[in-house]
Amino acid sequence: MRAAGAHEEAIRSFEDGYARLVSGGGSLLATADLEPAGEVPAFEDLPEADPAQALAQTALIKLNGGLATSMGLQEPKSLIQVHGGHTFLDVIVGQSQALRERYGVKLPLILMDSDATREATLAALASIGGVDNDGLDPDFLQSMIPKLDASTLGPVRWPDAPALEWCPPGHGDVYGALRRSGMLQALRERGIRYAMISNADNLGAQLDPRIVAHMAAREIPFLMEVVQGTEADRKGGHVARRRVDGQLVLRETAQTPDSDQESFRDYRRWRYYNTNTLWVDLDVLSERLERTGGVLSLPLIVNRKTVDPRDKRSTEVIQLESAMGAAIESFPGASLLLVPRTRFAPVKTTDDLLVLRSDVYTISDDMVVAPLPERAHNLPYVELDQDYYKLIDDFEQRFPAGPPSLRLAERLVVSGDVTFGADMIVLGAVSVSVDQPTTLDAGTTLDGG
């Protein structure tokens with residue numbers, strides 16, 4: 001890492017995780033040591049706030065280090081078109097500019113890029129006029145760490161493509177990267193006290209001044225937006241309290257002992273699930289990192305892959321990662337906020353993308369992308385055949401004229417190779433199954449009753 005020019009604090013952070021890996025020092029959270037988080041304030045109950053006052057001390061940070069590899073692309077995920085011809089990045093920039101103009105605030109918009117996303121993202125930013133960040137850079141870089149040979153725990157070697165010997169350390173790196181880049185200090189020098197941090201692919205994560213005012217009034221150092229758990233969340237990360245000190249912690253599947261897996265899936269008991277939208281008091285964060293030499297020792301995620309993710313026969317590796325939500329245990333006095341599902345709408349698959357592009361969603365002049373009011377809590381269920389729609393190029397080929405109308409749909413399940421014509425409508429619950437490539441005529445209504 002040093003030879004590659006890595007920052008000394010990034011090296012110390014990697015050393016911390018590596019030492020825990022080698023020693024077998026895991027971060028398992030047993031159910032017997034935890035209790036439910038208790039009652040949580042609700043977003044809709046927050047009092048009104050002075051938007052200009054709240055936003056004047058706020059920055060918006062979007063995690064933009066990921067490529068759309070799960071959809072078959074090697075470009076930043078934020079450059080995928082999501083609605084009305086606009087990309088994630090278009091929408092994010094448009095929303096921040098609208099808030100700036102409406103309330104007369106600086107509201108820095110900052111991206112955490114990776115080596116893989118920076119060049120293309122900055123070019124895309126330039127093409128839409130960039131962002132005026134009051135002299136601040138538009139982005140900062142997350143660090144890169146060595147992939148570890150799974151058999152030796154030494155750095156893997158892959159001469160055919162040396163870049164594949166490295167990986168980002170997960171979005172838990174955001175805190176250290178803010179400090180190492182100088183961005184944390186620069187924000188504080190400009191009077192920015194709070195940062196909202198969220199994934200670029202979650203357009204539901206929109207800045208709300210009431211949350212800033214809520215944190216300031218109660219001196220909350222770290223706030224996590226959570227949703228009420230459902231059966232679909234059973235494998236997600238839930239929040240609990242440690243019995244020994246009452247501290248909030250995030251428990252993921254990898255941190256749960258095998259004997260507690262059934263308890264882990266009890267969404268009715270644990271109730272609150274992480275949305276990966278976080279709010280941080282930057283003064284408190286700066287003080288905490290100063291005391292620890294720039295290292296937050298977050299729970300390890302040991303990710304087992306192959307050095308070339310496209311070649312399952314290549315050398316098996318371990319990637320050491322951490323989740324940014326796990327930092328909640330590093331902040332005494334951290335808090336939760338129960339938010340509606342409309343604030344948690346990440347796009348992880350082409351199924352999600354089809355719904356987001358459809359007429360179930362609208363886009364306002366302020367670039368707010370939101371579901372129709374009558375569909376906000378009842379989005380249509382979409383399941384597309386993974387053999388034909390998983391990769392975005394294949395997906396685009398099968399919806400050449402865009403998505404069908406889904407505003408009156410309950411579900412759309414497609415099995416087989418189906419190409420959709422223009423101006424199609426889906427009504428009710430529809431299943432389409434074919435055993436050979438099929439093109440549906442333009443203007444067709446699929447009525448499932």
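How many bridges join S8 to strand S16 (residues 316-321)? Two bridges join them, and the two strands run antiparallel. This pairing is a starting point for a walk through the structure, which is a predicted model.

The protein as a whole comes first. The chain contains 13 helices and 25 strands. Its radius of gyration is 22 Å, close to the 22 Å that the globule rule gives for 449 residues, so the protein is as compact as a globular protein of that length. Taken along the principal axes, the C-alpha atoms fill a box of roughly 65 × 55 × 50 Å.

Strands of a sheet pair through backbone hydrogen bonds, and the pairing is either parallel or antiparallel. The sheet that holds S8 is an open one of three strands, in the order S8-S16-S15, with antiparallel pairing. Strand S8 (148-149) and strand S15 (301-306) stand at its edges; each has a single partner strand, so one side of each is left without a neighbour in the sheet.

Another open sheet has four strands, in the order S20-S21-S23-S25, and here the pairing is parallel. Strand S20 (381-384) and strand S25 (445-447) are the edge strands, each pairing on one side only. On average, and with direction ignored, neighbouring strands of this sheet are turned by 35° against each other. S20 pairs with strand S21 (residues 409-415) over four bridges, in the parallel sense. Leu384 stands opposite Val414 in S21. Helix H11 (residues 350-357) packs on this sheet, where it touches S20 and S21, and its direction makes about 130° with that of S20.

The remaining topic is empty space. Rolling a probe the size of a water molecule over the atoms shows where such space is left. The count comes to three cavities of 30 Å³ or more. In the largest cavity lies about 310 Å³ of space. It is lined by 24 residues, and the closest to its centre are Ser13, Phe14, Pro169, Leu296 and Ser322.

Which elements supply at least two residues each to the lining of the largest cavity? They are H1, H5 and S16. By class, the lining of the largest cavity has 12 nonpolar, seven polar and five charged residues.

Strand S6 (139-141), helix H5 (174-180) and helix H6 (183-189) are the elements that give two or more residues to the lining. S6 gives the most, with three residues. The residues of this lining divide into 12 nonpolar, six polar and four charged.

Notes. Residues are numbered from 1 along each chain as its sequence is written. This is a predicted model: local features need pLDDT of at least 70, side-chain atom pairs count only at pLDDT 80 or more; totals for chains, interfaces and linings use all residues. Side-chain values use heavy atoms; hydrogens and water are left out. Ala, Val, Leu, Ile, Met, Phe, Trp, Tyr, Cys and Pro count as nonpolar, Asp, Glu, Lys and Arg as charged, and the others, Gly among them, as polar. Two strands pair if DSSP finds at least two bridges between them. On a 1 Å grid over the protein atoms alone, a cavity is a set of points where a 1.4 Å probe fits but cannot get out, and a pocket is an open set with protein on both sides within 12 Å along at least five of seven lines; lining residues have an atom within 4 Å of a point. Grid points are joined across faces, edges and corners, and a volume is the space filled by probe spheres set on the points. The radius of gyration is taken over C-alpha atoms; the globule rule is 2.2 Å times the number of residues to the power 0.38. Axes are lines fitted to C-alpha atoms, for helices over the stretch in contact, and angles run from 0 to 180 degrees between N-to-C directions. Contact means heavy atoms within 4.5 Å.
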